[in-house]
Amino acid sequence: MSWIRVLLELNKSLFLNGLLLLMAFLLGLQMGQSRLQRRWDAEKQTLQIAQAKQEQHAADVAQVQNQISKEISDDYRKKSSMLSSRAVVSGRVLNRTEISSSDLSAVSSNAAGVASTGSHFVLTPEGVSAIVSCEQLSSDSAQTTLMLLEIQRWYRRQVVLDR
């Protein structure tokens, strides 16, 4: 203890200055630590908020996807049941419940005879019973092709003359 007493007697002001410097260092260390802790807590809170927003967004997307899937599934079931019951779907399917598979025979009946005209005859567009043969159709199509080629040549000549 004598060395402490000697030190105190030598320079009391030097000891007080050292003690003041030590106290300032400890105070600065405490303030820095609390500031660092506040920043750390703020960053943790920011990350938690961002994570919560991301989780909420994922939950919202999943809910929307489930809702869309449910709507599509319900629509499919509805239309499927309508088709299976032969109900009208958008005005395209005719409800013919009076015809059932029990009304149809298991084996189709043979035709009474063969049609009088051959398969190479075609009815005219006017609905008249005039019959045109395949040879006539072939001749008409050849003439039409020649006419089209002549019109193309005429058009090319007109374009050349206009230049």
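User: Does Lys79 count as buried, partly exposed or exposed, and what is its relative accessibility?

Analyst: At 40% relative accessibility, Lys79 counts as partly exposed. Please note that this is a predicted model, in which local features need pLDDT of at least 70 and side-chain atom pairs count only at pLDDT 80 or more, while totals for chains, interfaces and linings use all residues. Residues are numbered from 1 along each chain as its sequence is written, and side-chain values use heavy atoms, with hydrogens and water left out.

User: How many helices and strands does the chain have, and in what order do they run?

Analyst: Helices (H or I, at least four residues) and strands (E, at least two) are DSSP runs, numbered from the N terminus. Here there are three helices and two strands. Read from the N terminus on, the order is α-α-β-β-α.

User: What share of the residues is buried, and what is the accessible surface of the chain?

Analyst: Accessible areas come from the Shrake-Rupley method with a 1.4 Å probe; for residues, only the protein chains shown count as cover. Of the 163 residues in the chain, 1% are buried. The accessible surface comes to about 15,400 Å², and 61% of this belongs to carbon and sulfur atoms.

User: Which residue meets Asp75 in a salt bridge?

Analyst: The partner of Asp75 is Lys79, at 3.7 Å from N to O. Both residues lie in helix H2, four residues apart, which is about one turn of the helix. Asp75 is partly exposed, at 36% relative accessibility.

User: How is Asp74 placed relative to Lys70?

Analyst: Asp74 and Lys70 are four residues apart in helix H2 (residues 12-84), so about one helical turn separates them. Their side chains form a salt bridge of 3.1 Å, N to O. Asp74 has a relative accessible area of 35% and is partly exposed. A network of salt bridges links Lys70, Asp74 and Arg77.

User: What is the N to O distance in the salt bridge of Glu150 and Arg157?

Analyst: The distance between Glu150 and Arg157 is 3.4 Å. Glu150 is partly exposed at 41%, and Arg157 is partly exposed at 46% relative accessibility.

Definitions and conventions: Buried means under 20% relative accessible area, exposed over 50%, partly exposed in between (1.4 Å probe, protein chains only). A salt bridge is a side-chain nitrogen of Lys or Arg within 4 Å of a carboxyl oxygen of Asp or Glu.
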